[in-house]
Amino acid sequence: MFLASSLTGLSILLLSACSTDPASSIYDQLEKQAQLEQKAETIAEQRTRQDEVSVNTYQAVLEAGADDIKRAQNERDELTALNQKRVDLLKQEQKIRSRAFEEFDRQELTDEIATLPADAKKDGTALLDIFDQRKKAFNTFLKRYEAVITSEKKVLSYLTEKPNFVKIDEATADLNQTSRQATDALKTFNQLTVRYNELKPAFYEKVGLNIK
């Protein structure tokens with residue numbers, strides 16, 4: 001009923017030696033940003049586990065008979081608490097990722113990449129473009145996840161001692177749609193992150209950085 005995938009974390013690479021040349025400066029900025037985002041991954045994993053518990057609880061209530069739904073106050077209370085916990089985790093994740101994205105000085109990196117040889121410049125520009133796409137994909141996921149929470153609350157509002165099964169069915173259909181949209185946005189973010197992680201070490205190699 002709801003997405004159960006975690007956001008993919010960014011790999012952290014180690015540089016054996018540092019210097020003041022543009023390549024090392026670019027490396028320092030990219031890896032500092034990656035370290036910040038890795039903190040968000042821990043939060044995302046916690047949220048994913050809560051998502052899975054929420055799915056199972058909603059599904060159990062929705063599959064119950066009318067009499068069971070009327071008596072399901074404990075489950076309703078659990079879902080209310082779960083929704084709030086997931087919202088709190090999402091806010092924490094958003095705060096960390098927003099800070100990480102802000103650490104990414106696009107103009108400075110663009111200027112430094114412009115000084116590199118043509119081949120490295122091409123890869124560096126592609127890396128920046130994919131980072132921009134990742135940021136956009138995460139913001140899209142954020143909005144769609146918030147829509148899922150809203151849809152779940154609507155379903156929950158109908159799971160009362162006097163359940164209206166027509167409204168429950170309608171609200172569940174809306175929830176399924178918003179869940180699919182959130183899943184698609186998350187999938188896009190993950191795919192872009194994989195591509196970003198593939199390009200980084202290749203770019204570092206082209207600019208002559210000794211990475212281990």
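Thr178 touches Arg144, Ala147, Val148 and Ser151, leaving aside residues up to four places away in sequence; a contact here means heavy atoms within 4.5 Å. Thr178 sits in helix α6 (residues 165–206), and it is buried, with a relative accessible area of 9%. Buried means under 20% relative accessible area, exposed over 50%, and partly exposed in between (1.4 Å probe, protein chains only).

This is a predicted model, in which local features need pLDDT of at least 70 and side-chain atom pairs count only at pLDDT 80 or more, while totals for chains, interfaces and linings use all residues. Residues are numbered from 1 along each chain as its sequence is written, and side-chain values use heavy atoms, with hydrogens and water left out.

**Overall fold**

- The protein chain has 6 helices and 0 strands, in the order α-α-α-α-α-α along the sequence.
- Helices (H or I, at least four residues) and strands (E, at least two) are DSSP runs, numbered from the N terminus.
- Of the 212 residues in the protein chain, 43% count as buried.
- Among contacts between residues at least 6 apart in sequence, 85% join residues at least 24 apart.
- The protein chain exposes about 11000 Å², and carbon and sulfur atoms supply 49% of that area. Accessible areas come from the Shrake-Rupley method with a 1.4 Å probe; for residues, only the protein chains shown count as cover.

**Confidence**

- The mean pLDDT of the protein chain is 84, and 85% of its residues reach 70 or more; pLDDT is the predictor's confidence in each residue, from 0 to 100.
- Within the protein chain, confidence is lowest in helix α2 (residues 66–70), with a mean of 66, and highest in α5, at 93.
- Residues 1–8 have pLDDT below 50, and this stretch has 41 contacts in the model beyond near neighbours in sequence.
- Residues 11–19 also have pLDDT below 50, with 27 contacts in the model beyond near neighbours in sequence.
- Where pLDDT is low, the predicted coordinates should not be read in detail.

**Cavity**

- The structure holds 1 cavity of 30 Å³ or more, and the largest cavity has a volume of about 30 Å³.
- On a 1 Å grid over the protein atoms alone, a cavity is a set of points where a 1.4 Å probe fits but cannot get out, and lining residues have an atom within 4 Å of a point. Grid points are joined across faces, edges and corners, and a volume is the space filled by probe spheres set on the points.
- The largest cavity is lined by Ile26, Leu30, Leu109, Ile113, Gly124, Leu127, Leu128 and Phe203.
- Helices α1 (22–62), α4 (106–113) and α5 (118–158) each supply at least two lining residues, and α5 gives the most, with 3 residues.
- By class, the lining has 7 nonpolar, 1 polar and no charged residues. Ala, Val, Leu, Ile, Met, Phe, Trp, Tyr, Cys and Pro count as nonpolar, Asp, Glu, Lys and Arg as charged, and the others, Gly among them, as polar.

- Ala120 lies in helix α5 and is buried, with a relative accessible area of 3%.
- Ala120 touches Phe203, Lys206 and Val207, not counting residues up to four places away in sequence.
- Leu209 is in the segment after α6 and is buried, with a relative accessible area of 13%.
- The C-alpha atoms of Leu209 and Tyr27 are separated by 8.6 Å, and the two residues are 182 residues apart along the chain.

Technical notes
On a 1 Å grid over the protein atoms alone, a cavity is a set of points where a 1.4 Å probe fits but cannot get out, and a pocket is an open set with protein on both sides within 12 Å along at least five of seven lines; lining residues have an atom within 4 Å of a point.
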